[in-house]
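Biologist: I am new to this structure and would like to learn how to read it, one feature at a time. Could we take each idea in general and then look at a case?

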Amino acid sequence: MEENKMMEKRLEQLEERVRLLEEGLQLSSSIVYPDKQQQQYVTQAEKKPVEWDILIFQKILPPLFIVVFIIGVLWGFKAVSDYGILTAPVKVMLGYVVGLVLIGLGVWQIKQSRKSLGQMLLGGAIPVLMLTTFAMHQLYAMTGPTTSFLLNILWIMLGLFFTYRYKSQGIGIVSTVGGVFVPFLIKSTSPNIAVFSFYEAILFTLFLWIALRLGYKLLFYVSVVFLQIALITFTLFSGNLEEHKLLYILPVFVQQGALLIGILLSKQMLRDLAYTLFSVMLVSLIWIELIFTTNEASIIIVIIGLIYGACLYKYQKDVIRTPIFIANASLALLYLVQLQLEDLFFEGLIGLSLVYLYVYKKFNNTLHIILATIAYFFALMYISNYSIDDWLSWGMLHWIVFLVGTSFLVYYISLNNKQSVVVRNIGVPYFAALFLYFLYMIGSLVAGDVGSNLERVFTSALWIITAVLFMLLSGRLSLQQGKYVGVGILFFTLAKIILFDISFVTVPIKALLFIVLGIVGLLVSRVYYKK
């Protein structure tokens, strides 16, 4: 009886637990969890609808019709000039009046809370004032170069002030584009390189500072690109610059220095600064190559490399700054090798690809895997046209370094990689193909002047040994691809003997090649069949 009572109590406890579990399941099933698509729809529903009035009347119409207005002013001046209604001084005066009126209207519109329209009017005033100064100087010869240059600087400074005062990126872009070409608006029989260089360098620095301070990306890129355009244009029209090399290249160094200071001190737009600094480094190397002698360029590159090396030492753990410092420092080192040790330039390319791959693995920086690929591609193009003509030669060193570097690249890329099998499936056969070509050149080197028959024998023998080594190492290194690559080399060697060698070698050599290849093939088949 007592046992029956105990069993009944246990049954009641189990029934209670089952009831509680069922209630819990019903409660959890009543809760609806939103999936990703529902969350996306909710997010899209929460987005504000397009305010067409603001888009059309504040963002599209003002910049469009301010351009139309400026074009109309220019055509109006041409019309009154053609009919002789206005004299040159009156036209110049009217141009300045129009520019000042636009400034006044722009300031008034901003005070009336019509910010977009006001900014467009202020932005339109700058080119009107600059074009009027250009006409006064170039067309009517009313002012000399110095006065015109100072007036244009005044208009650019005004644009700079409006950009900062009214937080307008549009005014800044108009001002920097116009400011860059101010020296080209001045008539001069002998261009003053010092004035040009200092002016462009200071102008770029000022607009870069505003772009970084206000976070204006478009102004940032426009100021960087248009400085280079100005330098190229000045080069095309100025002729020989040998006597003033340092002055002429000054804006390039100032640009790189300002960007470097920006990436060291700024806390915003760091990625934009980093990638732009690398691009400017590439452009700077081109300018240095074009302008300076080998020794001069070497001194400059050493200084640049030391600067980036010091920055790298200070910011070793920074995931944004460090990769760019490594990239620029390694570029400087590679260029220095090209200048002073040209025969080792190929080894520098391979080293550079390895450095970039290491940086990509450590910092997960996409730029560096692209750079590593480009560096390796150039190395491949270089080595493909380089043959081995002696045992102790640069060709032998280049090929050995290339093969060692390629094998390490394949290994390092497959290391801790989700696609390691795919990498090895492609990398191992690729390395084997390069190694076979290397052995072909070694066979030619061994045969020397003895004859082509000996060359074919040596090459086939080396390929057979290579096939055996691949299959042996596949077991030792747990490299499954090696087994299949070794078999592939055997088939390839057989095809080579049948298609190319059999018609040229003697019967004893034919017999030797086929016997050796047959024995190796049977042994391989037996070994893997046994396993």
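Biologist: Is Tyr 411 buried, exposed or partly exposed?

Modeller: The words rest on relative accessible area: buried means under 20%, exposed means over 50%, and partly exposed is in between, with a 1.4 Å probe and protein chains only. Tyr 411 has a relative accessible area of 46%, so this residue is partly exposed. Phe 408, at 41%, also counts as partly exposed. Before we go on, keep in mind that this is a predicted model, in which local features need pLDDT of at least 70 and side-chain atom pairs count only at pLDDT 80 or more, while totals for chains, interfaces and linings use all residues. Residues are numbered from 1 along each chain as its sequence is written, and side-chain values use heavy atoms, with hydrogens and water left out.

Biologist: In which helix do Phe 408 and Tyr 411 lie?

Modeller: Helices are DSSP runs (H or I, at least four residues), numbered from the N terminus. Phe 408 and Tyr 411 are both in helix H16, residues 394-414, where a spacing of three residues amounts to about one turn of the helix.

Biologist: How many aromatic pairs does the structure hold, and how is such a pair described?

Modeller: In general, a pair of aromatic rings is described by the distance of the centres and the angle of the planes. Rings of Phe, Tyr and Trp (its six-membered ring) pair if their centres lie within 6.5 Å, and planes under 30 degrees apart count as stacked, over 60 as edge-to-face and the rest as tilted. There are 28 aromatic pairs in this structure. One of them joins Tyr 308 and Phe 325, whose ring centres are 6.3 Å apart and whose planes stand at 45°, so the pair is tilted. Because Tyr 308 belongs to helix H12 (residues 294-314) and Phe 325 to helix H13 (residues 321-340), the pair ties together parts that are 17 residues apart in sequence. Tyr 308 is buried, with a relative accessible area of 2%, and Phe 325 is buried too, at 0%. Phe 408 and Tyr 411 also form a tilted aromatic pair, with 6.4 Å from centre to centre and 50° between the planes.

Biologist: Which residues do ring pairs link into a cluster?

Modeller: The cluster is made of Phe 346, Tyr 376, Tyr 382, Tyr 386, Trp 399, Phe 402, Phe 431, Phe 435, Tyr 437, Phe 438 and Tyr 440, linked by ring pairs.

Biologist: How many salt bridges does the structure hold?

Modeller: A salt bridge is a side-chain nitrogen of Lys or Arg within 4 Å of a carboxyl oxygen of Asp or Glu. The structure holds three of them. In one, the closest N and O atoms of Lys 217 and Asp 272 are 3.6 Å apart. Lys 217 is in helix H9 (residues 217-238) and Asp 272 in helix H11 (residues 270-291), so this pair ties together parts that are 55 residues apart in sequence. Lys 217 counts as partly exposed at 46%, whereas Asp 272 is buried at 13%. In another, Lys 245 meets Glu 296, with 2.9 Å between the closest N and O atoms. Since Lys 245 lies in helix H10 (residues 245-265) and Glu 296 in helix H12, the pair ties together parts that are 51 residues apart in sequence. Lys 245 is buried at 13%, while Glu 296 is partly exposed at 32%. Asp 318 and Arg 321 also form a salt bridge, at 2.6 Å from N to O, and both of these residues are buried.

Biologist: Which residues form a nonpolar patch on the surface?

Modeller: Patches are made of residues with over 30% relative accessible area and no salt bridge, where like charges are joined within 9 Å and nonpolar side chains (Val, Leu, Ile, Met, Phe, Trp, Tyr) within 5 Å. Met 93, Val 97, Val 101, Leu 105 and Trp 108 make up the nonpolar patch, and together they have about 470 Å² of accessible area. Met 93 is in helix H4, residues 88-111, and is exposed, at 57% relative accessible area.

Notes
Areas by Shrake-Rupley, 256 points an atom, 1.4 Å probe, with all protein chains shown as cover. Helix = DSSP H or I, 4+ residues; strand = E, 2+ residues; numbered from the N terminus.
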